[in-house]
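Please look over the model below with the following notes at hand.

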Amino acid sequence: MLARRAYRHGQFTLASGRSSHHYVNCKPVSLSGFGLALLSAELLERVEPEAVAVAGLTLGADPLVSGVAQAAALSGRALDALIVRKEAKGHGTGAWLEGPLPEAGSRLTVLEDVVTSGGSSLKAVRQLRDAGYRVERVVTIVDRQEGGEAAMAAEGLELVSLFLLEEVAATAAQQP
């Protein structure tokens, strides 16, 4: 499904500004009912057992955190979803974190759709850590294998990936 709906080969400019022959946009999969169900089950298996919530930077992680929280509930596990804004709301409470906030010191697992350099994930992790939460793992659908794992390790984070870019690209190349 990722190879068919999320992957493209060509010439692309990534969010980081770098050029690449590979483009991965997981939203056509994560925003489909069947795709989200499959992804949520796989992501949930990789969430730390001690985690009380999953969190991620909007927009890519929005369906993921919601889907994983629902998959957890259906399996009898209490696991909430948190969405990290890119900047604080400019109105109301000015919140940058949405969802049922756990107690400070609680363990959270960050979810991501695609990791390239790790910048988006690290932004979410830093905001969560600054709020007093323990974050030690990031789980992504696709690791583009372009330095994200090393960047995470430098921040004391484990990066767990469902797929590597090379696997998705190889599967896409085999399709008619």
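1. Helices (H or I, at least four residues) and strands (E, at least two) are DSSP runs, numbered from the N terminus. The model is predicted: local features need pLDDT of at least 70, side-chain atom pairs count only at pLDDT 80 or more, and totals for chains, interfaces and linings use all residues. Residues are numbered from 1 along each chain as its sequence is written, and side-chain values use heavy atoms, with hydrogens and water left out.

2. In the second largest pocket, H3 gives the largest share of the lining, four residues. Helix H1 (2–5), helix H3 (33–46), strand S8 (158–164) and helix H7 (165–174) each supply at least two. A pocket is an open set of points on a 1 Å grid over the protein atoms alone, where a 1.4 Å probe fits, with protein on both sides within 12 Å along at least five of seven lines; lining residues have an atom within 4 Å of a point. Of the 13 lining residues, Met1, Leu2, Ala3, Leu39 and Phe163 lie nearest the centre. The volume, meaning the space filled by probe spheres set on the points, is about 230 Å³.

3. The largest pocket has a volume of about 590 Å³. Its lining has 25 residues, with Ala15, Asp113, Val114, Thr116 and Ser120 nearest the centre. S6 contributes the largest share, four residues; strand S2 (19–24), strand S6 (107–115) and helix H5 (119–130) each supply at least two.

4. By class, the lining of the largest pocket has nine nonpolar, 11 polar and five charged residues. For the second largest pocket the division is nine nonpolar, two polar and two charged. Here Ala, Val, Leu, Ile, Met, Phe, Trp, Tyr, Cys and Pro count as nonpolar, Asp, Glu, Lys and Arg as charged, and the others, Gly among them, as polar.

5. Strand S3 (residues 53–57) has five of its five residues buried, that is, under 20% relative accessible area with a 1.4 Å probe and protein chains only. Ala53, Ala55 and Leu57 point one way from S3, Val54 and Gly56 the other.

6. S3 pairs (at least two DSSP bridges) with strand S4 (residues 80–84) in the parallel sense over five bridges; Val54 stands opposite Ala81. S3 also runs parallel to S6, joined by three bridges, and Ala53 has Leu108 of S6 as its bridge partner.

7. How buried is Thr109 of strand S6? Its relative accessible area is 0%. Beyond four places in sequence, Thr109 touches (heavy atoms within 4.5 Å) Val47, Glu48, Ala51, Ala53, Val54, Ala55, Arg137 and Val139.

Conventions
Buried < 20%, exposed > 50% of the residue type's maximum accessible area, 1.4 Å probe, protein only.
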